[in-house]
Amino acid sequence: MQMPLALRGALEREAARYKLSELQRAHERLSESYRAGAPLGRLSPLGDAERLAYAVARMPATYAACSAVLKAVMERMPAAPASLLDLGAGLGSMLWAAERLPALEAATLLEADPGNVQLGQALAAEAEGTEWAALRGADWRIGDIASAKLPPCDLVTCSYSLGELSEASATRALQTAWNAAKRMLVIIEPGTPAGFARIRKWRQQLLALGAHMVAPCPHSAGCPMVGNDWCHFAQRVERTSLHRRLKGGSLGYEDEKYSYIAVSKFPAALPSARIIRHPQVAPGAIKLELCAQGGLSEVVTTRKNKEQFRRARHAAWGDAWEPRPATEEGTRDSFE
Ligand SMILES: C[S@@+](CC[C@H](N)C(=O)[O-])C[C@H]1O[C@@H](n2cnc3c(N)ncnc32)[C@H](O)[C@@H]1O
């Protein structure tokens, strides 16, 4: 996956204001802080070069995760949201990914760091064309997720942000985010055991508040992922030359791993199962590992079952899976 051309161009132009060595040093400082366990929101003081280094290094990956999650959500909820509230918006990855939301009219972004807001606005200002109207007109606000008064919106999102709060603040913020969601709440965290553990805990809290599951889980029962395993997905992100120069390495891509949950105020039509690993392809047979309504399971499909085998060949990690093709009725959401 690639970021939109307009965003890549905007980042290149911002980066041109710095020497590459300055950005590399800033990136190194960020990496050291991350390795020491300090999330972006707790790094201070954060300089403009660090913000830009973060944008170049991380926006392609967080954009890809946001975009993939919105796609998975829209498959279950085709009645598209008209308003978006993104909490801990950073530089606006979710806003750019919201091009996936065809009916979006208004977006509000809440972010604690004024410098991030400034850079995010500068990047968004470079988006041209009518399809980006909501992006250019977005309402950026400086504030704290845990205490700000949040405007009710169809879709509320927290992408790689809730996990930066202390446990108590995150629990409070979860409740306020859920209250602000007129239809749906989406939370994305890094696809690590720790990121997934938070998602699993918040899933339970949201279900207890009456939330209906949308994705990725095909059920609202207890999560069957136990032991050392963790539910996560991945997006392959194409690396730009600026990205390679900043982070080093020769690979033309990197894989962004993420865990997420999407819940709704209204019941959604859930799939029979979701594919939770890369499909394993052998000659004449494809094995899918699934999270299904009855728990974790595996299905091996062979050429004998032509139609199912054809679908399995096109299936990917993270996709919904039906043993038989879904009917129109089965995939339509029912919240309107
Ligand atoms: C890892 S970044 C993710 C940014 C963006 N959502 C993305 O997906 O690229 C986390 C962001 O959350 C912001 N943040 C952390 N704690 C916050 C809080 N209590 N209120 C508002 N924003 C916060 C940080 O300043 C930072 O910009």
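## About the model

This is a predicted model, where local features need pLDDT of at least 70, side-chain atom pairs count only at pLDDT 80 or more, and totals for chains, interfaces and linings use all residues. Residues are numbered from 1 along each chain as its sequence is written, and side-chain values use heavy atoms, leaving out hydrogens and water.

## Around the ligand

Let's start with the ligand. It has 20 residues around it, and T62, G88, E111, I145 and S159 come nearest; here, being near takes a heavy atom within 4 Å. Sorted by class, this shell holds eight nonpolar, nine polar and three charged residues. (Nonpolar covers Ala, Val, Leu, Ile, Met, Phe, Trp, Tyr, Cys and Pro; charged covers Asp, Glu, Lys and Arg; the others, Gly among them, are polar.)

S159 has one 2.4 Å from a ligand oxygen, and S93 has one 3.2 Å from a ligand oxygen. On its own the ligand has 600 Å² of accessible area, and the protein covers 94% of that (Shrake-Rupley method, 1.4 Å probe).

Next, look at helix α2 (residues 20–35) and helix α3 (residues 48–76), which pack at about 80° with axes 8 Å apart. The axes are lines fitted to C-alpha atoms over the stretch in contact, and angles run from 0 to 180 degrees between N-to-C directions. That angle makes α2 roughly perpendicular to α3, a label for 65 to 115 degrees. Helices here are DSSP runs (H or I) of at least four residues, and strands are runs (E) of at least two.

Which residues meet? From α2 they are L23, A26, H27, R29, L30 and Y34, and from α3 they are A49, E50, L52, A53, Y54 and A57, with contact meaning heavy atoms within 4.5 Å. This contact has nine nonpolar, one polar and two charged residues.

Now for the backbone. The peptide bond from A215 to P216 is cis, with omega near -5°. You'll find P216 in the loop between β6 (212–215) and β7 (233–238).

Y160 isn't a glycine, yet it has a positive phi of about 55°. Y160 sits in the loop between β4 (153–159) and α7 (167–180).

Technical notes:
Polar contact = N/O pair within 3.5 Å; in protein donor to acceptor, adjacent residues only side chain to side chain. Parallel < 35°, antiparallel > 145°, perpendicular 65-115°, else oblique.
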